[in-house]
Amino acid sequence: MGWSSFTKSFLPQTFDFFNLFDKHADIAVEAAEQFAQLMKDFNVDAKEVHTMKDLEHQGDQVSFQVMDQLNKTFITPFDREDIHALSKKLDDIIDMIYTITNRLRVYNVLTTDRNLAEFARVIEMAVKGVALAVKGLRDSKNYKEVLRACAEVNGLETLSDKMRDDMLVELFAKYAPDPISVIKWKEIYQEVETVLDVCEDVVHIVESIVVKQA
Amino acid sequence: MGWSSFTKSFLPQTFDFFNLFDKHADIAVEAAEQFAQLMKDFNVDAKEVHTMKDLEHQGDQVSFQVMDQLNKTFITPFDREDIHALSKKLDDIIDMIYTITNRLRVYNVLTTDRNLAEFARVIEMAVKGVALAVKGLRDSKNYKEVLRACAEVNGLETLSDKMRDDMLVELFAKYAPDPISVIKWKEIYQEVETVLDVCEDVVHIVESIVVKQA
Amino acid sequence: MGWSSFTKSFLPQTFDFFNLFDKHADIAVEAAEQFAQLMKDFNVDAKEVHTMKDLEHQGDQVSFQVMDQLNKTFITPFDREDIHALSKKLDDIIDMIYTITNRLRVYNVLTTDRNLAEFARVIEMAVKGVALAVKGLRDSKNYKEVLRACAEVNGLETLSDKMRDDMLVELFAKYAPDPISVIKWKEIYQEVETVLDVCEDVVHIVESIVVKQA
């Protein structure tokens, strides 16, 4: 038995982290795609919220598995705290998309909003960038592509700040006589932007992992 | 001198962490009980806010003692970062209960609210579950009971999400012509729910400590 | 070659952390000074927001350099997590001052507000205290002065809580018939106070570094 098969038999779990990250990233992408579709068609009913809740629950389970592996494994493919943070932040993305979807139902927002539909598309692009970056960590030959995806997500976050500001300016101008609508939409517009902030957090973690491995 | 008395003389401080956690948990329970009583009677005046501030201050002091012990001790009963996080989150619970109480006074909310009174009871139950879980960490023979308390707190957090959503739906329906009241109550309803989120954070830390010790 | 020059040649990078912290603290002070001046004169236009954005960007670059040093250095002047947290929180101060400035423009707040002008002065004092504390870490003979600066920042945070509460009471009394103004100012008043919370976080980290070095 050579060294390679020796380590293989002792360290199979180190490879699981990558599979779990792939799975977590896929769930995030599915949530972002469904959210973008939902904001386009705008039929946020109990069924849609339930579907999103189900994705959030799947994400929780993957996070739990990551923590479980971390507690049982001494050798990890990169720093324990980076694995922990990555799992936490991927989970946050899915949680926030669910929370926003649920809030639209709770606030009884019934009409589609062009701004929100466009923003949901930016979220979808950013989450796909996040997935590309996270999945690429598996092999250092992907690192150039990983860093390009990270840069793209950073760019989308900068764009999203500007979009949210413009949406808020428009909101206060349009709904001045209707403070209740201002209250609802302001919260929604601010929350969708924080999804981008969390995407940026993820790619910062990914970038620092790449730097440390180099 | 046997091994047992040897370690006792060298490691007395490791036992202090448990005493400090007990103390911190007791202060959190007292804050939650007072808050539930306050939301039932609804006489939030300067005196009540002051009492709550005093509990918050007591909590700060325990946190400070935990940090001080951590800085001086090499051997800890479980991971340093778990001790740090546990202390921080117990403190957050008390801080938030104080903040909400103070906000009710600042917002000059004078009438009792049945929803808030019920929610305060859920907070009280959750904080008592948190206390049971945290205090049980002292001895592995309690772990089964600890995990049951954790599960209960998780269940209360799920319930509280639903309660807050229902409260918000009711709020927007009831106060549509009174945006100022919507502004105040929306913030209060959202903040009480975050107390449950922090309780959930605590039991997640407790669960992971139990897993790692097993 | 004596031991001193030996370590000097091997550990030059450990000294860089202090230079980077000095730089970061200076940027934070500049942001706080500009903010205080801006709130006094109250001419928040695109140019002013741009200047603040530039400071925020400079802060990001220092943070990046700190992270880069951390990834490349084994020996650090104090705990890695403290360096990381200190850099993150100094960055948060600058980010928040930029965010508030930008929000005033987005919300089209055109008139000066005496309360906000006074609060900006408290922020300026607190950030200067933070800078004193952070810069003093370089040499243990400063520690007495460092701890005095920390105590001052803690005192300003307590004051700022009271100021914000008073400002909110006044706001709800004054703008009761104008919910849109309540929405805007409530958010601004609450955000300026969180700058003080972050200043307090910084001095808590500084205090714990001093304790551990002692």
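## Exercises on a predicted three-chain model

Of the 214 residues in chain A, 41% count as buried. Keep in mind that this is a predicted model. Let's work through it together.

**Exercise 1.** Describe the fold of chain A from its secondary structure, its span and its contacts.

*Solution.* Start with the elements: chain A has 7 helices and 0 strands. Reading from the N terminus, their order is α-α-α-α-α-α-α. Next, take the extent: the C-alpha trace of chain A spans about 75 × 35 × 25 Å along its principal axes. Finally, turn to the contacts in chain A with a separation of 6 or more: 84% of them join residues 24 or more positions apart.

**Exercise 2.** Work out what the side of chain B that touches chain C is made of.

*Solution.* First count both partners: chain B gives 8 residues to the contact and chain C gives 12 residues. Then look for the elements on the chain B side, where α3 (46-72) and α7 (179-213) each supply at least two residues.

**Exercise 3.** Find the residues that touch the most other members of the largest nonpolar core, then list the neighbours of B:Val130.

*Solution.* The largest nonpolar core holds 195 residues. Now zoom in on B:Val130, leaving out residues up to four places away in sequence: its contacts are B:Ala25, B:Ala28, B:Val153, B:Cys199, B:Val202 and B:Val203.

Notes
Residues are numbered from 1 along each chain as its sequence is written. Chains are lettered from A and ligands numbered from 1 in the order in which they are written. This is a predicted model: local features need pLDDT of at least 70, side-chain atom pairs count only at pLDDT 80 or more; totals for chains, interfaces and linings use all residues. Two residues are in contact if their C-beta atoms, placed from the backbone, lie within 7 Å. Helices (H or I, at least four residues) and strands (E, at least two) are DSSP runs, numbered from the N terminus. Ala, Val, Leu, Ile, Met, Phe, Trp, Tyr, Cys and Pro count as nonpolar, Asp, Glu, Lys and Arg as charged, and the others, Gly among them, as polar. A residue is buried if 20 or more other C-beta atoms lie within 10 Å of its own, exposed if 12 or fewer, and partly exposed in between; C-beta atoms are placed from the backbone. A nonpolar core is a set of buried Ala, Val, Leu, Ile, Met, Phe, Trp, Tyr and Cys residues joined through C-beta atoms within 7 Å.
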